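Here is a short note for someone opening this entry for the first time. Please read it with the model on screen.

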Amino acid sequence: MKYDDTIVAIATPPGQGAIGIIRISGTDALAILQKIYRPRRVAAWRPHVMRYGHVLTITDQIIDEVLAVWMRAPRSYTGEDVVEISCHGGRIALESVLQRILMCGARMANAGEFTMRAYVAGRIDLSQAEAVMDVIQAQTSQALGQAQAQLQGWLGQQVTQFIATINYELAAVVARIDFPDEVAETAVDTHALVQLMTSIDTLLAGARTGMVLRDGARVVLMGRPNVGKSSLLNRLLRHDRAIVSPIAGTTRDTLEESADILGVPVRFIDTAGITDDSTDVVEQLGVARSRTAAAHADLALVLIDASQPLTPQDHVALAARGDLPAILVLTKADLTLCDETLRDAPLLRVAPFVASVQISNMSGHGIDTLQQTMADHLLDHAPAHDLRVSNSRHVDALQRCHSHIQDALRALQAHYTADLVAVDLQAAVAALAEITGADVSEALLDTVFARFCIGK
Ligand SMILES: Nc1nc2c(ncn2[C@@H]2O[C@H](COP(=O)(O)OP(=O)(O)OP(=O)(O)O)[C@@H](O)[C@H]2O)c(=O)[nH]1
Ligand SMILES: [Mg+2]
């Protein structure tokens, strides 16, 4: 498919900067540039060469002093003719150049439309298009590595290989439909299909980590009042975000902040200390919010004051985490520790703890270990390389493919007719094709590109 219109957008973020870039894509990109722009030296336009000059009004007044480059199709981001103009990075300069281009017949690009054109032109597959946004939104270097790997196309290649394997077996099944007497049931290599399911299982096993790196993990700090939740939050963030005081009930509302924990993007949620004997309405509301936060988290840090005997409120706080995976954090390790608490706390479990760590928010003792323990848990089953599935859309498609292959194998085993087996294998291929976008609906494309920003 080829688009017949030319799109334009400011590709750099709003605000002031040294430069701001305007990007044009489509058949008229160069013609528009030639209309609005006067190069310093008159010469024929050569592709991929940056030229110095000015963007002018219709009456030849200077709008801005710029550098411009023309990238000839198909050697460009979109696969179409693309022009990029580096203007001064001020709102008025950029807006004025943009308006001038719109007057020449270009239209404002929709969010993600440049990348969508690259996909439609076949320059990248859909999983690579999605990776563009993942690269932009990556919050840690590990997340970036994973997004870059997907942008380079490993997932598309892997999926294409899977599709080829299924199609090979599908051909044997179809041959049986056409020539039932000549092609044996055993012509289908069930072993190859079982192996494919194993490969999908491996990809799915690493996907939890992939998604944690892409989307971040939610880690909730829980415990009775005064155990040191807010102090720990401040330690983990390396700045004083939350108010800390010796008064029980200091934090009354939940408070969220993000940090990079050894490469894992983590959103920490500090909560109001959990009690069940509060008569204060605001405190009760805070406690309710703490419980809600726990319900939506990936991991809990359950804090116990190791310098004090356990109280009934500790039990309430421990129970509040439900079956959320949790690390037991024994705080105030700089004080004289209470032997009984050290002995009993790890046993006070609703579900087993992932680990138990002693820390001091005062000296910083144990904070490194705690960070490592969190990262280890959140990166569980992570392949050491960057080739991880990280998008729930891909996970869903892989799961559906897996179950269709399973159905096909069952149908083969039960000696169902070949056309029934074929239906299952075709469905398996269709599920995989959604990942690369080889066969997708307009609606799916809309959802994928809705996440994008204008100009990308
Ligand atoms: N010695 C010592 N004191 C600590 C430690 N952590 C916190 N504290 C002190 O304990 C008190 C309560 O700390 P907070 O961080 O406000 O406790 P919290 O769990 O957020 O309390 P609420 O918000 O009331 O639920 C403050 O006086 C802190 O200075 C620690 O590791 N060692
Ligand atoms: Mg607090």
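1. Basis. This is a predicted model, in which local features need pLDDT of at least 70 and side-chain atom pairs count only at pLDDT 80 or more, while totals for chains, interfaces and linings use all residues. Residues are numbered from 1 along each chain as its sequence is written, and chains are lettered from A and ligands numbered from 1 in the order in which they are written.

2. Domains. The chain is divided into domain 1 (7-109), domain 2 (129-188 + 391-450) and domain 3 (221-378). These bounds come from an automatic or database domain assignment. The centres of domain 2 and domain 3, taken over C-alpha atoms, are 43 Å apart. Five residues of domain 2 are in contact with four of domain 3 (C-beta atoms, placed from the backbone, within 7 Å). On the domain 2 side, one of these residues is nonpolar, four are polar and none is charged. Here Ala, Val, Leu, Ile, Met, Phe, Trp, Tyr, Cys and Pro count as nonpolar, Asp, Glu, Lys and Arg as charged, and the others, Gly among them, as polar.

3. Seven-stranded sheet. Helices (H or I, at least four residues) and strands (E, at least two) are DSSP runs, numbered from the N terminus. Seven strands make an open sheet, ordered β3-β4-β5-β6-β2-β1-β7, with mixed pairing (strands pair if DSSP finds at least two bridges between them). β3 (37-39) and β7 (107-108) are the edges; each has a single partner strand, so one side of each is left without a neighbour in the sheet. β1 (residues 7-10) runs parallel to β7, joined by two bridges. V8 stands opposite M108 in β7.

4. Six-stranded sheet. This open sheet has the order β9-β10-β8-β11-β12-β13, and its pairing is mixed. At its edges, β9 (255-261) and β13 (355-358) each pair on one side only. Strands β11 (residues 299-305) and β12 (residues 326-331) are parallel and share six bridges. There, I304 faces L330 in β12. Helix α9 (residues 281-295) lies across β8 (217-222), β10 (264-270) and β11, at about 145° to β8. Axes are lines fitted to C-alpha atoms, for helices over the stretch in contact, with angles from 0 to 180 degrees between N-to-C directions.

5. Ligand 1. Which residues are closest to ligand 1? They are G228, S230, S231, T251 and G273, in a shell of 24 residues (C-beta atom, placed from the backbone, within 6 Å). Helix α8 (residues 229-237) gives the largest share, three residues. By class, the shell holds eight nonpolar, 13 polar and three charged residues.

How values were computed: Two residues are in contact if their C-beta atoms, placed from the backbone, lie within 7 Å.
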